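Try each task before you read its solution.

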Amino acid sequence: MRQPIFLLFLSALAITTTGVCSTFAESSQSVKMPQRGICAHRGASNTHPENTLAAFREAIRLGAQMIEFDVALTKDGQLVLMHDPKLDRTTDGSGPVGDYTLAELKKLDAGSWKSAEFAGERIPTLDEALEVMPENIWLNVHLKGSAELAEKTTRRIIAHQRRHQAFLACNKKAAEAARRVDADILICNMERQGNNLQYVDETIAMGAGFIQLLRGKTVSPDHTQKLTMHHVRINYCCANDAEVVRQLFQSGVQFPLVDELAAMLKVADEAGIARLKPVYRPKTK
């Protein structure tokens, strides 16, 4: 019996769509992610305005293996990159981020505070940030909020097909909300962040893929070995001294977060860690 034309069309569409999805899924799984390296804290934040596309492009140009950035909600529920609760320090605006719509925030200057060279740099959306990233750089997505922000951010990561490289640095409540959207979303445990065995054990117990150790100039190799045994990748915030970064690598930390990006990448060079050669996905017509 012959099928109606519209059913044949739907069957062909399903096959085509499935083929596209599976092809990308296979390519994402084959992307080789860095095992160790330097995390550019808010991008190349010592030389460029933090959490801007300019800072991210510079971090990529220098060969950073991971980029950290902060995501917040606007008044109208949009996702933008901003570390502080208020706009005053890094823009020509004033007051809480959540008091402004996206359209209002897009009128602000987010670069002049750093240097006249960056005058007119705008606050990026999460979508804009994800669009400029290579496929093979880790994306350390620090959530400046809880459940609603986590859910929306997870959906955008999925929509941009960045699940293989993006992880949410967040508290327990936000992690639970994100996992309701996608049970396999990568999480960096930021609940009771510290540099101790309790934090290590809690991170392992919640099944997080990353931990971000905090404070102290050294970490215990016993802790890093335990984390590695449980397949938890180890970040550390924050270090801008060459000797401290050397000791962190020697102790088993995989990704120190740094502001002095160019200088700390040289420390990674000395440790035999190759700088990232960015791989971008083909652009569709």
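This is a predicted model: local features need pLDDT of at least 70, side-chain atom pairs count only at pLDDT 80 or more; totals for chains, interfaces and linings use all residues.

**Exercise 1. The nonpolar cores**

Find how many residues the largest nonpolar core has, and which of them have the most contacts inside it.

*Solution.* 
- Step 1: Start with the size. The largest nonpolar core holds 60 residues.
- Step 2: Pick out the residues with the most contacts inside this core. They are Ile-38, Ile-67, Phe-69, Val-71, Leu-143, Leu-168 and Leu-261.
- Step 3: Take Leu-168 and list its neighbours, leaving out residues up to four places away in sequence. Leu-168 touches Val-141, Leu-143, Ala-150, Thr-153, Thr-154, Ile-157, Ala-178, Ile-185, Leu-186, Ile-187 and Cys-188.
- Step 4: Look for a core apart from the largest one. Another core has 14 residues, including Met-33, Trp-138, Phe-210 and Leu-257.
- Step 5: In soluble globular proteins, nonpolar side chains tend to be buried together.

**Exercise 2. The cavity**

Work out how many cavities of 30 Å³ or more the whole structure contains, and which residues line the largest cavity.

*Solution.* 
- Step 1: Search the whole structure. One cavity of 30 Å³ or more turns up.
- Step 2: Note the volume. The largest cavity has about 60 Å³ of space.
- Step 3: Name the lining. Glu-50, Asn-51, Thr-52, Leu-81, Met-82, His-83, Thr-90, Ala-110, Ile-123 and Pro-124 line the largest cavity.
- Step 4: Sort the lining by class. There are five nonpolar, four polar and one charged residues.

**Exercise 3. Aromatic pairs**

Count the aromatic pairs, then explain why the pair of Phe-56 and Phe-69 gets its class.

*Solution.* 
- Step 1: Count. There are four aromatic pairs.
- Step 2: Check the geometry of Phe-56 and Phe-69. Their ring centres are 5.6 Å apart and their planes are at 50°, so this pair is tilted.
- Step 3: Phe-56 belongs to helix H2 (residues 53-62) and Phe-69 to strand E2 (residues 66-73), so the pair ties together parts 13 residues apart in sequence.
- Step 4: Turn to Trp-138 and Phe-210. With ring centres 5.2 Å apart and planes at 75°, the pair is edge-to-face.
- Step 5: Trp-138 sits in strand E4 (residues 138-143) and Phe-210 in strand E7 (residues 210-214), 72 residues apart, so the pair links distant parts of the chain. Trp-138 and Phe-210 are both buried.
- Step 6: Follow the ring pairs onward. They link Trp-138, Phe-167 and Phe-210 into a cluster.

**Exercise 4. Backbone details in loops**

Which peptide bond is cis, and are Gln-161 and His-231 buried, partly exposed or exposed?

*Solution.* 
- Step 1: Find the cis bond. The peptide bond from Cys-237 to Cys-238 is cis, with omega near -10°. Cys-238 lies in the loop between strand E8 (233-237) and helix H9 (242-251).
- Step 2: Check Gln-161. Its phi is near 55°, a positive value in a residue other than glycine. Gln-161 lies in the loop between helix H5 (147-159) and strand E5 (166-170), and is partly exposed at a relative accessible area of 34%.
- Step 3: Check His-231. Its phi, near 60°, is also positive in a residue other than glycine. His-231 is in the loop between helix H8 (221-229) and E8. Its relative accessibility is 68%, so His-231 counts as exposed.

Note on methods: Residues are numbered from 1 along each chain as its sequence is written. Side-chain values use heavy atoms; hydrogens and water are left out. A nonpolar core is a set of buried Ala, Val, Leu, Ile, Met, Phe, Trp, Tyr and Cys residues joined through side-chain atoms within 4.5 Å. Buried means under 20% relative accessible area, exposed over 50%, partly exposed in between (1.4 Å probe, protein chains only). Contact means heavy atoms within 4.5 Å. On a 1 Å grid over the protein atoms alone, a cavity is a set of points where a 1.4 Å probe fits but cannot get out, and a pocket is an open set with protein on both sides within 12 Å along at least five of seven lines; lining residues have an atom within 4 Å of a point. Grid points are joined across faces, edges and corners, and a volume is the space filled by probe spheres set on the points. Ala, Val, Leu, Ile, Met, Phe, Trp, Tyr, Cys and Pro count as nonpolar, Asp, Glu, Lys and Arg as charged, and the others, Gly among them, as polar. Rings of Phe, Tyr and Trp (its six-membered ring) pair if their centres lie within 6.5 Å; planes under 30 degrees apart count as stacked, over 60 as edge-to-face and the rest as tilted. Helices (H or I, at least four residues) and strands (E, at least two) are DSSP runs, numbered from the N terminus.
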